[in-house]
Amino acid sequence: ETTEEAPKEEPKEEPKEEVKEEPAEEPSTPAEFEVTLDATANWDDNSVKFDIETNLPDEAVLMLTLSQGDYNTDDKWTGQTKVTVKDGKAQSEGFSNSGEKLTGDYDLSVSMSIPKTQSDAVRAVIGDKGEYMTGPLVTAASIGDSNVVSALFSVSMGDTITIAAEDDYTHTIFATEEEEDTSTESTETTDSGSDAAANKEFIDKYSTDIVVAASLALDQFIDKKSYKMSLAPQNWTLAKFDETPTTVIGTTDITYKDVKTTYIYVGTLNMDSSGKVTSATPHYIAIGSLVLGDDHYCDDVFEKLGMNTGN
């Protein structure tokens with residue numbers, strides 16, 4: 001007797017759950033924010049230290065410039081230091097006058113230079129050109145198309161230190177904005193010898209202002225520790241532009257990242273009615289063939305030079 005086996009049932013496949021793909025998240029655009037910056041001060045033995053509070057991002061590098069008097073006086077005094085923001089705060093090194101306490105009234109400038117000098121992490125927050133920063137502390141850079149930060153304070157030093165934010169004052173080294181009132185004197189004459197003499201007289205008179213302006217402009221773009229350059233006026237070759245009586249071009253030797261080359265600076269000295277330099281507007285700055293800033297003020301002159309020299 002034979003028996004037939006019942007056919008085996010094939011296992012039924014469970015219906016597959018439909019997997020829905022989540023749409024890829026688009027990278028978020030950083031939000032604009034109004035920059036805030038405040039400063040307080042305290043004595044540390046004979047030195048004064050400044051505490052900075054700000055909503056600028058971690059790793060933001062700020063320059064603190066403490067000054068009394070200006071570069072046209074014999075009693076000028078200036079000190080500078082850099083600080084790095086962490087958790088919204090930064091503390092400066094101590095300022096003193098050769099170990100002695102500072103006394104009297106001073107100006108404190110706290111600034112953040114153009115974004116290209118800041119870290120990737122900082123630019124991710126403020127924008128490659130600082131376009132996400134807003135508020136009264138944010139201004140357009142004097143050269144290029146980036147935004148910079150500048151806060152100004154008055155400081156009075158005695159047994160106690162008082163410090164107050166200033167909404168509108170001229171920094172005693174150089175103003176932060178261009179002055180409309182410039183010198184109306186002209187050195188242009190019909191005699192080339194007299195013109196050359198007038199040019200030399202102008203350069204000799206304002207040589208210190210010129211080299212200080214050139215140095216401050218350079219520090220907006222590169223770290224002071226990365227270059228060595230003499231600021232002695234006699235180490236500069238200077239010649240005035242014909243178009244503007246107070247615009248100068250200067251070149252000097254510089255060692256940048258251990259490479260010896262030439263620093264080129266073109267800028268206009270802005271003056272008040274008495275002939276005192278109140279600010280400086282840089283137009284073109286370069287280290288060798290590396291152009292750090294160019295507002296195209298010099299295009300016509302450079303074109304003529306290129307045609308005449310082939311360079």
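Reply: What follows is a chat about the strands, the cores and a few side chains of this model.

Me: Before we start, what kind of model is it, and what does pLDDT decide?
Reply: It's a predicted model, where local features need pLDDT of at least 70 and side-chain atom pairs count only at pLDDT 80 or more, while totals for chains, interfaces and linings use all residues. Numbering starts from 1 along each chain as its sequence is written, and side-chain values use heavy atoms, with hydrogens and water left out.

Me: OK. How many helices and strands are in the protein?
Reply: The protein has 3 helices and 17 strands. Those are DSSP runs numbered from the N terminus, with helices being H or I of at least four residues and strands E of at least two.

Me: And how much of it is buried?
Reply: 38% of the 311 residues count as buried. Buried here is under 20% relative accessible area, exposed is over 50%, and partly exposed is in between, using a 1.4 Å probe and protein chains only.

Me: What share of the contacts comes from residues 24 or more positions apart?
Reply: Among contacts with a separation of 6 or more, 57% are between residues 24 or more positions apart. A contact is heavy atoms within 4.5 Å.

Me: How many bridges join β3 to β6?
Reply: β3 (residues 47-54) is joined to β6 by 3 bridges. Two strands pair if DSSP finds at least two bridges between them. As one example, D51 has Q91 as its bridge partner in β6.

Me: And what do β10 and β11 form?
Reply: A hairpin, with 3 residues between the two strands. β10 pairs with β11 (residues 161-165) in the antiparallel sense over 5 bridges, and S154 has A164 as its bridge partner in β11.

Me: Switching to the inside: which residues have the most contacts in the largest nonpolar core?
Reply: V48, F50, L62, L66, L108, M133 and M157, in a core of 34 residues. A nonpolar core is a set of buried Ala, Val, Leu, Ile, Met, Phe, Trp, Tyr and Cys residues joined through side-chain atoms within 4.5 Å. Elements that each supply at least two residues include β4 (61-68), β5 (77-84), β7 (104-112) and α1 (120-126). β10 gives the most, with 5 residues.

Me: Which residues does L66 touch, beyond its neighbours within four places in sequence?
Reply: Among its contacts are V48, F50, W77, F95, L108 and M157.

Me: Which residues are in the second core?
Reply: A141, I210, L269 and M271 are among the 29 residues of that separate core.

Me: F50 and F95 look like a pair to me. What's the geometry?
Reply: Edge-to-face, with 5.8 Å centre to centre and 70 degrees between the planes. Phe, Tyr and Trp rings (the six-membered one for Trp) pair if their centres lie within 6.5 Å; planes under 30 degrees apart are stacked, over 60 edge-to-face, and the rest tilted. F50 in β3 and F95 in the loop between β6 and β7 are 45 residues apart, and the pair links distant parts of the chain. F50 is buried because its relative accessibility is 0%, and F95 is buried at 5%.

Me: Where's the F202 and Y206 pair, and why are they about one helical turn apart?
Reply: They sit in α2 (residues 192-219), and they're separated by about one turn because they're 4 residues apart in that helix. F202 is buried at 10% relative accessible area, as is Y206 at 7%.

Me: What sits over the ring of W43?
Reply: The charged end of K101, 4.5 Å from the ring centre. The rule is NZ of Lys or CZ of Arg within 6 Å of the ring centre and within 35 degrees of the ring normal.

Me: Last one: is D258 buried or exposed?
Reply: Exposed, because its relative accessibility is 77%. D258 is in the loop between β14 (247-256) and β15 (259-271), and its phi is near 65 degrees, a positive value in a residue other than glycine. H296 also has a positive phi, near 70 degrees, and lies in the loop between β17 (290-294) and α3 (299-309).
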